[in-house]
Amino acid sequence: MLARMDCLLLAAAAEGKFLGLDPHFWKIIGWMANGIFAARFLVQWYATERKGQVTIPLTFWWLSLAGSFLMLAYALCYNQDLVFIFSNAFNWIPYLRNVIIHHRHKAAHRDCAQCGAACPPVAKFCSQCGTRVEEVESSKLKAQSPK
Ligand SMILES: [Zn+2]
């Protein structure tokens, strides 16, 4: 039994690599990029289950940006495979654009006073409850104005 355990430990640590993993700096960066990419899908899945409808939270785009930049750095500095470099060279553009649009939308949206849903700035009616957003806004203003 002990000999079998020794055999397994020796196989696991063969060539100075534990389970065949290389503790090289760029390998760690590459695995971090993979972990961040995997985390973004978990974040999106959680947000969708929580809201009960398909949704892509802002965190998804930040994780996409971080993961793609780390993967591009790995591809440029260590892997140096043109296919790998090209596949990570331009995907940061839509990720960054989505972060910008998310922030613009958040700054410009209207909250529905009836249900609290965030509505686009051009919306006349709430997409969640159908309440007229402008009417709610104006009645809210009347309620807040001093008498
Ligand atoms: Zn509403």
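**Exercise 1. Find where Q128 sits, and decide whether Q128 is buried, partly exposed or exposed.**

*Solution.* Q128 lies in the loop between β2 (118-119) and α6 (133-144). Helices here are DSSP runs of H or I with at least four residues, strands are runs of E with at least two, and both are numbered from the N terminus. The model is a predicted one, where local features need pLDDT of at least 70, side-chain atom pairs count only at pLDDT 80 or more, and totals for chains, interfaces and linings use all residues. Residues are numbered from 1 along each chain as its sequence is written.

Step 1: count neighbours. A residue is buried if 20 or more other C-beta atoms (placed from the backbone) lie within 10 Å of its own, exposed if 12 or fewer, and partly exposed in between. Q128 has 13 C-beta neighbours inside 10 Å, so Q128 counts as partly exposed.

Step 2: look for partners. Leaving aside residues up to four places away in sequence, Q128 touches C112, C115 and A117; a contact means C-beta atoms, placed from the backbone, within 7 Å. The C-alpha atom of Q128 is also 9.1 Å from that of G116, twelve residues away along the chain.

**Exercise 2. Describe the fold of the protein chain: how many helices and strands does the protein chain have?**

*Solution.* Step 1: count the elements. There are six helices and two strands.

Step 1: read along the sequence. The pattern is α-α-α-α-α-β-β-α.

Step 2: Of the 147 residues, 12% count as buried. Among contacts with a separation of 6 or more, 36% join residues 24 or more positions apart.

**Exercise 3. Work out how α3 packs against α4: at what angle, and through which residues?**

*Solution.* Step 1: take the geometry. Two packed helices are described by the angle between their axes and the distance between the axes. Axes are lines fitted to C-alpha atoms, for helices over the stretch in contact, and angles run from 0 to 180 degrees between N-to-C directions. Helix α3 (residues 58-79) and helix α4 (residues 82-89) pack at about 155°, with axes 9 Å apart.

Step 1: name the arrangement. This makes α3 roughly antiparallel to α4, since angles over 145 degrees count as roughly antiparallel, under 35 as roughly parallel, 65 to 115 as roughly perpendicular and the rest as oblique.

Step 2: list the residues. From α3 come S68, M71, L72, A75, L76 and N79, and from α4 come F84, I85, N88 and A89.

**Exercise 4. Now try α2 and α3: at what angle do they pack?**

*Solution.* Step 1: helix α2 (residues 25-51) and α3 pack at about 160°, with axes 8 Å apart. So α2 is roughly antiparallel to α3.

Step 1: pick out partners. Residues of α2 including W26, A33 and F37 meet residues of α3 including L63, L70 and Y74.

How values were computed: Contact = placed C-beta atoms within 7 Å.
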